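Welcome! Take a moment to look over the sequence and the model, and then let us walk through them together.

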Amino acid sequence: MENELYKVRSFMQSVAACGAAKAIATLEPKSDQLTQRQAYAFLRKRDEEFGGRLEHGEAWLKRKVQDGSLHPRRKGKSLNSPLIYSKAEILEALAVEEALREDIFRGTIL
């Protein structure tokens with residue numbers, strides 16, 4: 001039972017972080033924008049924040065773009081313009097992945 005409570009609490013914290021990121025993105029859109037290099041650093045910092053190991057790096061980000069979870073856009077019109085990622089969208093993808101990995105919705109009808 002204790003493990004289930006931890007999973008749900010962790011999921012709720014992730015959802016709250018996503019909500020806060022969306023609110024900040026609405027109020028200050030510039031603060032939500034990350035270049036590809038900044039996105040890698042953001043993921044690395046998030047993974048290592050509590051002594052964890054690096055799980056979400058370049059390959060994870062590329063995989064999420066390929067499967068349609070993340071939608072980067074170019075800052076300019078040329079092909080070598082930097083890709084811009086949404087911090088809120090990255091947090092959402094992380095929350096969904098964690099919920100699926102932890103099997104949060106087992107026994108529910110969604």
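## Before we start

A residue is called buried when its relative accessible area is under 20%, exposed when that area is over 50%, and partly exposed in between, using a 1.4 Å probe and protein chains only. Helices (H or I, at least four residues) and strands (E, at least two) are DSSP runs, numbered from the N terminus.

This is a predicted model, in which local features need pLDDT of at least 70 and side-chain atom pairs count only at pLDDT 80 or more, while totals for chains, interfaces and linings use all residues. Residues are numbered from 1 along each chain as its sequence is written, and side-chain values use heavy atoms, with hydrogens and water left out.

## The overall picture

The protein chain contains four helices and three strands, arranged along the sequence as α-β-α-α-β-β-α. Its C-alpha trace spans about 55 × 30 × 30 Å along the principal axes. Of the 110 residues in the protein chain, 31% are buried.

The accessible surface, found by the Shrake-Rupley method with a 1.4 Å probe, is about 7900 Å², and carbon and sulfur atoms account for 56% of this surface. Contact means heavy atoms within 4.5 Å. Among contacts between residues at least 6 apart in sequence, 58% link residues at least 24 apart.

## Helix α4

Helix α4 covers residues 87–102, which makes 16 residues. From first C-alpha to last, α4 reaches 22 Å, close to the 22 Å expected at 1.5 Å a residue; the expected span is 1.5 Å times one less than the number of residues.

Which residues of α4 are buried? They are Ala88, Glu89, Ile90, Leu91, Ala93, Leu94, Ala95, Glu97, Glu98 and Ala99. As background, an α-helix has 3.6 residues a turn, so residues three or four places apart point the same way.

## The nonpolar core

A nonpolar core is a set of buried Ala, Val, Leu, Ile, Met, Phe, Trp, Tyr and Cys residues joined through side-chain atoms within 4.5 Å. The largest one here has 17 residues, and those with the most contacts inside it are Ala39, Leu43, Trp60, Leu61, Ile90, Leu91 and Leu94. At least two residues of this core come from each of α1 (2–27), α2 (36–48), α3 (58–66) and α4. The largest share, six residues, is supplied by α4.

Not counting residues up to four places away in sequence, isoleucine 90 touches Leu34, Ala39, Phe42, Leu43, Trp60, Leu61, Leu70 and Tyr85.

## Cysteine 18 in helix α1

Cysteine 18 sits in helix α1. Is cysteine 18 buried or exposed? Cysteine 18 counts as buried because its relative accessibility is 10%. Leaving aside neighbours within four places in sequence, cysteine 18 is in contact with Leu91, Glu92 and Ala95. Leucine 79 is 61 residues away from cysteine 18 along the chain, and their C-alpha atoms are separated by 30 Å.

## After helix α4

With 36% relative accessibility, aspartate 103 counts as partly exposed.

Phenylalanine 105 also lies in the segment after α4. Phenylalanine 105 counts as partly exposed because its relative accessibility is 34%. Although phenylalanine 105 and valine 8 are 97 residues apart in sequence, their C-alpha atoms are 9.6 Å apart in space.
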